[in-house]
Every structure is written in structure tokens, then in C-alpha cells.
Amino acid sequence: MAKQEDVFKTIVSHAKEYGFVFQSSEIYDGLSAVYDYGQMGVELKNNIKRYWWEAMTMLNDNIVGIDSAIFMHPTIWKASGHVDAFNDPLIDNRDSKKRYRADVLIEDEMGKMEEKINKEVAKAAKRFGESFDEAMFRQTNPRVLDIQAKIDQLRDRFAKAMSENDLEDLKQIIIDHEIVCPISGTRNWTDVRQFNLMFKTEMGSTADGAMDVYLRPETAQGIFVNYLNVQKTGRMRIPFGIAQIGKAFRNEIVARQFIFRMREFEQMEMQFFVRPGEELKYFDFWKETRMKWHKALGMGDEKYRYHDHEKLAHYANAATDIEFKMPFGFKEVEGIHSRTNFDLGQHEKFSGKKIQYFDPELNESYTPYVIETSIGVDRMFLTVMCSCYEEQALENGDSRVVLHFPAALAPVKCAVLPLLKKDGLPEKAREIQHKLRFDFTCQYDEKDSIGKRYRRQDAIGTPYCITIDHQTLEDNTVTLRHRDSMEQERVDVDTLAQRLGQEVSLNNLLRKLL
Ligand code: GAP
């Protein structure tokens, strides 16, 4: 079986080869951790965003959307805590001159220790065969227990150092655990320093000089500072939500794993404003609702799990991640956070404006509490690519690469293919394509053998191929080929649009959510 890293590399090169994702500025040797979406990628990305946007704003009477500017008043970032606390702890290796995030080095170390346990489990499973009881083994095997105790100890010390911002102890953990630089292999480390992740630039020019502004590191603050505008103009009553999709920017130091961690990325965030005291009820509600949204895609329920945060940010009273099984392990795709009234309270304080809600039922005013759901579009894109990619051996000894995209997300919904480039077949195929293209993204292809054309469509995840042959000219039927099963059926041209509509419509997906 191919190693998971190799599988991931193959997916990354497939994404480039078929026009999904390109390295930014590639002809200038690229810009690290910045990517461009190609002709297929942009369609898939737009479909993901539509699925999220419609699930939020169309299926909920009490959620509306906004689109706030990327540039915002710099005091917003002071109020939100990003100027003072949106930092990563960095450490340099003096020999390789490479810079690392100290927390990532330590997390990787824990990952290696967990890997040792997994190896012990795998060895024992092989030895004991069918009678192997994994849970029992993990609870009783002395070597596993010993490693687990070391992991627990390290995790506690690490969490304490992070929450207390104890940079000296972070360095000491690296030294105590003999963590080496992956490049130089040495332990010649500098001290750990804090590094702010926000990009800063200048706006305008005044007599006193230009104003420093930041590229927003999250879209959420654009929602918080528009809370009053939307509540008043939309006559919104609590509980209600504001949704937004937009770019966010972070000067990530350890940018890796392709589009998993980028410097410019896109977020889909929703802030749900509730009465104080009701936030945990809505936290549970959104935790469940968001998981349902992911699982409705049908990519495999076993690939998702929650990771509840034990250590919470000072302003949060509950937080969980929805993690997805990537080829490099379970990783966060979405965060659901109960952020209390921290952000609105801070903006009230820093702006001097009253940001309160008068609750007619309670006959009192209060600062609303907030549940946030925050998902990265690019990470979601990566989960879809990773989970849908398959290299399939076929019965005839042939093989194919197929992307089993959920039909509603597929960049191209159908391909119209004349069997031959003559006998009036191309003309008939064009006629069919011109009808379908009002409702579906539709490709026309007449080059190469039909087999090659099917493979090309499989490789970009097109759910349906429509083949026009001589029989089409006689009885107005075509062959409809299904991507996943490769089965073919004869279908009347006049029923095609309705048939495809049923199969690829986003509505079907949205209906699963209610
Ligand atoms: N407003 C809350 C917030 O921004 P976060 O956990 O920092 O929370 C939310 O980010 C989501 O944004 C993550 O779950 C992830 O999907 C995405 N994200 C964060 N940083 C990212 C990066 N550097 N590259 C790609 N996606 C990122």
C-alpha cells in the first residue's frame, strides 16, 4: 500500500495537472504558502461556498449575510486582542538558520510518541490475529502505558507553558525532549520569541503620516463591528446570526501541507448572537448542525471527529474543532467557539458606542453572547480533494484516476461527447450542449478516443458523460455514463435536463440538512 505522504504528494500533483490549484507566482519560482485556484479549482471552491452560504442564509430565517471590507480601523485589532496576543512562539536553529514554531515542534514530538504507540498496537494486532482486543491492549500493555504517561505529562506542561505565555519553558521542553532541527539534526536552538501574525501596511497619507492598517486575520471582526447596523436595519431579534465569506491573512511561519496552512486564505464564518446564559445550548446546537453539514456530503462519516478544547482562550467558555482525516492525520477543518460577550464588550469599550440589545421579552438590555462557526474554504477544499481522489484498478487490467466528488460540488456536471468527429455527430452534440449549458457547467470534447475522453472527465470528477452516436440521430437517445460505477444507460435527449437536475442539484444536498 502506498504511504500516506506519497498519496498526498500524488493528490497535490493531480490538483496542479488538472487545473485545480497552482503555486502563486510560479513563473517567478513561487511565493511560499500562497496558492491560485485554476479553472477547475475555482468551480469547486465556488460550489463549496454556495453550499455553505445557502445552508446558512437560505435554510435559516434568522441568519443573514454581509460582505465587510478587508481593511478596518486599526483600533478594531487592538480591541479584539490581535495586536497584543495574536502571536506564534518562534525558535531558530543556529546551524540550519531555519525558523520553526516552538509549539509545532512540540506537537510533532507528541505525534511521534503517539506513532510509537500505534506501532506497538499494530505489532500486537499482527501477533494475536483475530483474538486481538485493541482497547484492552492499550489499557494494559506496560510499554504503551509508559509512552502514554510521557505524552500526558508533556501535554500538560506544554498547555501550561502556552496558556501562561512561558517562552522559557517552551524552550526548556524542546531541550528536555531532545528535539532536533529536522534539517541540521542539531539542538543548537535560540531562545523562543513571540511573532505577531498580522500583516501590516499603510493607508493614505496625511500631514502626520500614513495610518498603519492590518490585513484582517479573521473575517469575524467585520461581523462584530457591523452587529448594530445589521440588527437595526434588518430588525433582527435575538437569537440571530450574521454570516460572511471572505479572505483572511496570516503571516504563518510554518506554512506547509499545501493549502492546509496558507498566508492568504478564505474563511466562512457565522456569528450567532444569543441571550447570556443560553450560549451553551446554542453551542451544542451548532456543533451538531455543522457536523451534519459535513456528513451530508457523503464522504464517509468515519472521517470526521470532534476535538473538544480542554484549555480555552480567556474569553471562551466552550470550543471544539471538527477534524477531518487527511492523509497526514486528523486535522482541524472548522472551529465552533462560544466566545461569550468578549468581542462586542471590547468594541463597546474601545469605540465608546453602546452595543446592547433590548430584549422585549425580558424587558432588559444586555450585550449578546456569541457562538461562532468558522471554517476555512481552502481546508474544506482539501478535505474534498483528499477524500474523493482514487486510483482505481479496472477489471480489464487498465486503471483510472477518478475524483468521486459529491455531484453538487463537481466543477463540471456533464461532458457532451460525439462518438466520432463526422457523420453529423458533432453538430448534434453541440445542439445538446447548448441546451444543457443554461443549467449545468458542461464541457464539449471531441478529441481522442472515447475511452481517453472518459478518463479525462473521471480525472476532474465529472459525474456524467453524455455520448452521442449514430443511434442518437435515429431515435434521439444518448448514452449516459455514470462516473463512479462506469455504467451506461440509454436516455432520451428530451429528459436529460430533468434527469441531470435531479442528480446534481445542490437542493438535494440542502434538503438532507433539514
Ligand atoms: N474567527 C475564528 C478563527 O479565525 P481559527 O481557528 O483561527 O478561528 C478558523 O480559524 C478556520 O480557518 C480554521 O478551522 C481553518 O479551517 C481556517 N484557517 C485558519 N488558519 C488558516 C490558514 N493559515 N490557512 C488555511 N486555513 C486556515
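User: In which helix does Asn-47 lie?

Analyst: The model is a predicted one. In it, Asn-47 belongs to helix α2, which covers residues 39-57.

User: Is Asn-47 buried or exposed?

Analyst: A residue counts as buried when its relative accessible area is under 20%. Asn-47 has a value of 12%, so it is buried.

User: Which residues does Asn-47 touch, leaving aside those up to four places away in sequence?

Analyst: Asn-47 touches Ala-408, Leu-409, Ala-410, Pro-411 and Lys-413. With Ala-410 there is also a polar approach: a polar atom of the Asn-47 side chain lies 3.2 Å from the backbone oxygen of Ala-410.

User: Which domains does the assignment give for the chain?

Analyst: The assignment gives domain 1 (39-78 + 197-393), domain 2 (87-196) and domain 3 (396-511).

User: How much area do domain 1 and domain 2 bury between them?

Analyst: The size of an interface is often expressed as the accessible area lost when the parts come together. Here domain 1 and domain 2 bury about 850 Å², with 58% of it on carbon and sulfur atoms. On the side of domain 1, Leu-197, Ile-253 and Val-254 lose the most area to domain 2, together 57% of what that side buries. Nine residues of domain 1 are in contact with 11 residues of domain 2.

User: How many salt bridges are counted between domain 1 and domain 2?

Analyst: The count is one. Glu-252 also forms a salt bridge with Arg-101, and their closest N and O atoms are 3.7 Å apart. The residues of domain 1 that touch domain 2 comprise four nonpolar, one polar and four charged.

Terms used: Residues numbered from 1 in each chain as written. Predicted model: local features only at pLDDT ≥ 70, side-chain atom pairs only at ≥ 80, totals over all residues. Heavy atoms only, no water. Domains from an automatic or database assignment. Contact = heavy atoms within 4.5 Å. Buried area = accessible area lost by both parts, 1.4 Å probe. Salt bridge = Lys/Arg side-chain N within 4 Å of Asp/Glu carboxyl O. Nonpolar A, V, L, I, M, F, W, Y, C, P; charged D, E, K, R; others polar. Helix = DSSP H or I, 4+ residues; strand = E, 2+ residues; numbered from the N terminus. Buried < 20%, exposed > 50% of the residue type's maximum accessible area, 1.4 Å probe, protein only. Polar contact = N/O pair within 3.5 Å; in protein donor to acceptor, adjacent residues only side chain to side chain.
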